[in-house]
Amino acid sequence: MKFLSGFSGFENNFSRFVNRFSYEEKRRSLGENAYFCGKIIFMRIDIITILPEMLEGFVRCSILKRAQDKQLAEIHLHNLRDYTADKWRRVDDYPFGGFAGMVMKIEPIENCITALKAERTYDEVIFTTPDGERFDQPMANTLSLHKNIIILCGHFKGIDYRIREHLITKEVSIGDYVLTGGELAAAVMADAIVRIIPGVISDEQSALSDSFQDNLLAAPVYTRPADYKGWKVPEVLLSGHEAKIKEWELEQSLERTKRLRPDLL
Ligand code: ADE
């Protein structure tokens, strides 16, 4: 991540915010994996899960639906049980060593990943796990530049460690808490990644001005009426003076970040 991370300190955050690069400059600066096909970037996410029904509604709604309708992204769900060889479609087994809980078996996972890899090349094979690298906006930005990624949702006590050693290229956690399974983590990641693909959100800049895009929280936003029972919108936003409005936006961002998330500065 050359552009959006790797800097620290207040001065750098300030100047990065002021000297905003265009969306395409940012994406180009993010390196070789940037996939430009004229103006269109297309991304495919394959999610491997034992609970596809948990994600089916989610991937057909809101931003993920819009991205797929516009043919900017495809999200495919794969039921891990379809890749088992035994008649009970078992995906887990007892752990060696007599530990508690069940462990996800190698075979179905390897079968599924191998089948997907036979069709195309993947940039990352991600495993969702509470002991993974913390998911954040810079990671979402980097992943959104990829063409094809696999997300394997963890379950039970974990997966046979050999999968992590031999098949997984990245382990990701969405926070320091333990979820029942990795499906929610996969949903969070897919949403954050897909929404920043250019063209998914109608105004590209609106994704760029999200909180965290410059390690700064976003400025407050308001809509009509300008005066609601005496609760007034800041005067400057009604002035039509673009430079002053930009200055106000930056001041607000910095003030909110200092007050609410000083760790970001
Ligand atoms: N699976 C269970 N807990 C998780 C977490 N916090 N992040 C990612 N995957 C998980």
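Guide: Before we start, a residue counts as buried here if 20 or more other C-beta atoms lie within 10 Å of its own, with C-beta atoms placed from the backbone. Please keep in mind as well that this is a predicted model.

Visitor: Take strand β1, then. Why is it largely enclosed?

Guide: Strand β1 covers residues 43-49, and because six of its seven residues are buried, the strand is largely enclosed by the rest of the structure.

Visitor: Which strands does β1 pair with?

Guide: With strand β2, residues 73-79, it pairs in the parallel sense over seven bridges, and M43 stands opposite A73 of β2. Strand β6, residues 148-153, also runs parallel to β1 and is joined to it by five bridges, with I45 standing opposite I149 in β6.

Visitor: Switching topic, what surrounds the ligand?

Guide: The residues around the ligand include T128, T129 and P130, as well as G154, S173, Y177 and A185.

Visitor: Which strand gives the most to that shell?

Guide: That is strand β5, residues 124-134, which contributes three residues to the shell around the ligand.

Visitor: And what classes of residue are in the shell?

Guide: Six residues of the shell around the ligand are nonpolar and six are polar, while none is charged.

Note on methods. Residues are numbered from 1 along each chain as its sequence is written. This is a predicted model: local features need pLDDT of at least 70, side-chain atom pairs count only at pLDDT 80 or more; totals for chains, interfaces and linings use all residues. A residue is near a molecule or strand if its C-beta atom, placed from the backbone, lies within 6 Å of it. Helices (H or I, at least four residues) and strands (E, at least two) are DSSP runs, numbered from the N terminus. Ala, Val, Leu, Ile, Met, Phe, Trp, Tyr, Cys and Pro count as nonpolar, Asp, Glu, Lys and Arg as charged, and the others, Gly among them, as polar. A residue is buried if 20 or more other C-beta atoms lie within 10 Å of its own, exposed if 12 or fewer, and partly exposed in between; C-beta atoms are placed from the backbone. Two strands pair if DSSP finds at least two bridges between them.
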